[in-house]
Amino acid sequence: MMMKHRIKLSPDEVKEFVAAATRCMFDVDISYNSFIVDAKSIIGVLGLNFNQILTVSCNGHDADFEKYLQKFAVAC
């Protein structure tokens, strides 16, 4: 089941975000428009445009990661 979350992230939060995504036992991607990167890649995530609303796509469920994402959540 694919879960999607819309978030706003700053460059200062990338290291913590990537560490949280890395703890997931499934694929996690982060994207905006048609640009998609592996959320477990610090280099990939740092290449994103942080002025955009980002979409996190999870190919599984982890309650701790879902709770963590809530602090970056934006209204749809």
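This passage describes the fold of one protein chain and then some of its residues.

The structure is a predicted model, in which local features need pLDDT of at least 70 and side-chain atom pairs count only at pLDDT 80 or more, while totals for chains, interfaces and linings use all residues. Residues are numbered from 1 along each chain as its sequence is written, and side-chain values use heavy atoms, with hydrogens and water left out.

The protein chain contains 3 helices and 4 strands. Helices (H or I, at least four residues) and strands (E, at least two) are DSSP runs, numbered from the N terminus. Along the sequence the order is β-α-β-β-α-β-α. The C-alpha atoms fill a box of roughly 25 × 25 × 25 Å, taken along the principal axes. The radius of gyration of the protein chain is 11 Å, which agrees with the value near 11 Å for a compact globule of 76 residues. This radius is taken over C-alpha atoms, and the globule rule is 2.2 Å times the number of residues to the power 0.38.

Buried residues account for 41% of the 76 residues. Buried means under 20% relative accessible area, exposed means over 50%, and partly exposed lies in between (1.4 Å probe, protein chains only). The protein chain exposes about 4,700 Å², and carbon and sulfur atoms supply 53% of that area. Accessible areas come from the Shrake-Rupley method with a 1.4 Å probe; for residues, only the protein chains shown count as cover. A contact means heavy atoms within 4.5 Å. Among contacts with a separation of 6 or more, 65% join residues 24 or more positions apart.

Helix 1 spans residues 14–22, and its buried residues are Val14, Phe17, Val18, Ala20 and Ala21. Seen down the helix axis, these residues fall within an arc of 160°, so they line one face of helix 1. The arc is that of the directions from the helix axis to the C-beta atoms. The buried residues of helix 1 pack against strand 1 (3–7), strand 2 (28–32) and strand 4 (54–58), and also against helix 2 (42–46) and helix 3 (63–69).

Valine 37 belongs to strand 3 (residues 35–38). Its relative accessibility is 12%, so valine 37 counts as buried. Beyond residues up to four places away in sequence, valine 37 touches Val28, Asp29, Ile30, Gly44, Val45 and Leu48. Valine 37 and asparagine 59 are 22 residues apart in sequence, with their C-alpha atoms 14 Å apart.

Asparagine 59 sits in the loop between strand 4 and helix 3. With a relative accessible area of 43%, asparagine 59 is partly exposed. Leaving aside neighbours within four places in sequence, asparagine 59 contacts Met1, Met2, Phe26 and Asp27. Aspartate 27 is 32 residues from asparagine 59 in sequence, but the two are 5.5 Å apart in space, C-alpha to C-alpha.

Asparagine 33 lies in the loop between strand 2 and strand 3. At 71% relative accessibility, asparagine 33 counts as exposed. Asparagine 33 is not a glycine, yet its phi is positive, at about 50°. Most residues other than glycine have a negative phi.

Arginine 6 is part of strand 1. Its relative accessible area is 35%, so arginine 6 is partly exposed. Arginine 6 and serine 31 are 25 residues apart in sequence and 9.5 Å apart in space, C-alpha to C-alpha.
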